[in-house]
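This report goes through one protein model, beginning with a single residue and ending with the whole chain. Please keep the structure in view while reading.

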Amino acid sequence: MPLEAWKDIVGNTATITTIIQFLVGSQVCAVFYRNKTTGETSGLTFLVGVMMTFAWYSYGRLIGDPSIQLVNVIGLLLQAAYSFCFYAFTPLKFETGRRMVFTVVFVALVQLYINHEADLPTAQLRLGLLCCSMGVAYCSAPLASVQHVFHTGSTHALPFYLILATVAVTGQWTVYGVIIQDNFVLVPNMLGCAVASFQLALFAYFPSTELSKNII
């Protein structure tokens with residue numbers, strides 16, 4: 001069975017698992033609603049999510065890939081909803097509002113470029129580079145928590161199930177990138193899968209404190 005024959009199957013399963021991962025944000029927003037405040041939580045994650053999903057949705061449109069378009073338009077709507085929920089409960093309305101304006105400007109500039117770029121391959125290349133760069137930066141962010149694990153000797157601060165889900169999601173999109181022969185999809189997801197797999201391996205070497213208590 002040729003690799004291309006798996007395109008729809010891998011694309012559909014990757015879309016479903018990614019949407020499930022996106023829905024994790026609803027649990028965070030439920031906590032905001034219950035506490036009537038965002039506390040010390042940063043809303044930057046949601047706003048970066050808006051920018052990334054819009055960029056990837058736009059790239060999906062340029063290359064005519066329905067799987068990339070579908071998963072990212074759903075992600076865009078969810079991340080936007082989470083951002084508004086954060087704004088409703090954050091005490092730092094001015095700072096959050098400023099960041100939201102920056103996000104809107106970013107989205108507008110990307111759309112403006114797409115509308116005015118006459119050469120499709122050039123638009124695909126530039127937007128692909130933007131998406132890939134954002135993806136690599138986003139995937140590298142969790143490495144900051146690794147230092148804390150080595151310092152404390154415990155993985156208690158790492159979200160095990162979220163990391164496990166990240167391995168599954170990025171692994172599927174890595175395979176999808178191979179199938180459609182698109183390095184802009186392949187590279188950031190392969191790096192994200194590697195980073196998440198490394199974090200997952202830390203649980204074998206540095207057991208979580210809570211996990212150890214449950215076993216005892």
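Gln-181 counts as exposed because its relative accessibility is 68%; exposed means over 50% relative accessible area, buried under 20%, and partly exposed in between, with a 1.4 Å probe and protein chains only. Gln-181 is located in the loop between α8 and α9 (183-205). Although Gln-181 is not a glycine, its phi is positive, at about 55 degrees.

The model is predicted: local features need pLDDT of at least 70 and side-chain atom pairs count only at pLDDT 80 or more, while totals for chains, interfaces and linings use all residues. Residues are numbered from 1 along each chain as its sequence is written, and side-chain values use heavy atoms, leaving out hydrogens and water.

Lys-36 is another non-glycine residue with a positive phi, here about 60 degrees. The loop between α2 (24-35) and α3 (44-63) holds Lys-36.

**Helices and their packing**

The protein has ten helices and zero strands. Helices here are DSSP runs (H or I, at least four residues), strands are E runs of at least two, and both are numbered from the N terminus.

Axes are lines fitted to C-alpha atoms, for helices over the stretch in contact, and angles run from 0 to 180 degrees between N-to-C directions.

| Helix pair | Angle | Axis distance |
|---|---|---|
| α1 (residues 7-22) and α8 (residues 160-180) | about 150 degrees | 9 Å apart |
| α1 and α4 (residues 66-89) | roughly 5 degrees | within 9 Å |

With an angle of about 150 degrees between them, α1 is roughly antiparallel to α8. The helices α1 and α4 are therefore roughly parallel to each other.

On the α1 side, the contact with α8 includes Val-10, Gly-11, Ala-14 and Thr-18, and on the α8 side it includes Leu-162, Val-169, Trp-173 and Tyr-176. Contact means heavy atoms within 4.5 Å. By class, the contact of α1 with α8 has ten nonpolar, eight polar and one charged residues. In this scheme Ala, Val, Leu, Ile, Met, Phe, Trp, Tyr, Cys and Pro are nonpolar, Asp, Glu, Lys and Arg are charged, and the others, Gly among them, are polar.

Where α1 meets α4, the α1 residues are Gly-11, Thr-15, Thr-18, Ile-19 and Phe-22, and the α4 residues include Ser-67, Leu-70, Ile-74 and Tyr-82. The contact of α1 with α4 divides into seven nonpolar, six polar and no charged residues.

**Two residues in the helices**

Ser-67 lies in helix α4 and is buried, with a relative accessible area of 10%. Not counting residues up to four places away in sequence, Ser-67 touches Gly-11, Thr-15, Trp-173 and Tyr-176.

Ile-16 and Val-169 are 153 residues apart in sequence, and their C-alpha atoms are 9.3 Å apart in space.

**The whole chain**

Of the protein's 216 residues, 40% count as buried. Among contacts between residues at least 6 apart in sequence, 78% join residues at least 24 apart. The C-alpha trace spans about 60 × 50 × 25 Å along its principal axes.

Notes:
Angles under 35 degrees count as roughly parallel, over 145 as roughly antiparallel, 65 to 115 as roughly perpendicular and the rest as oblique.
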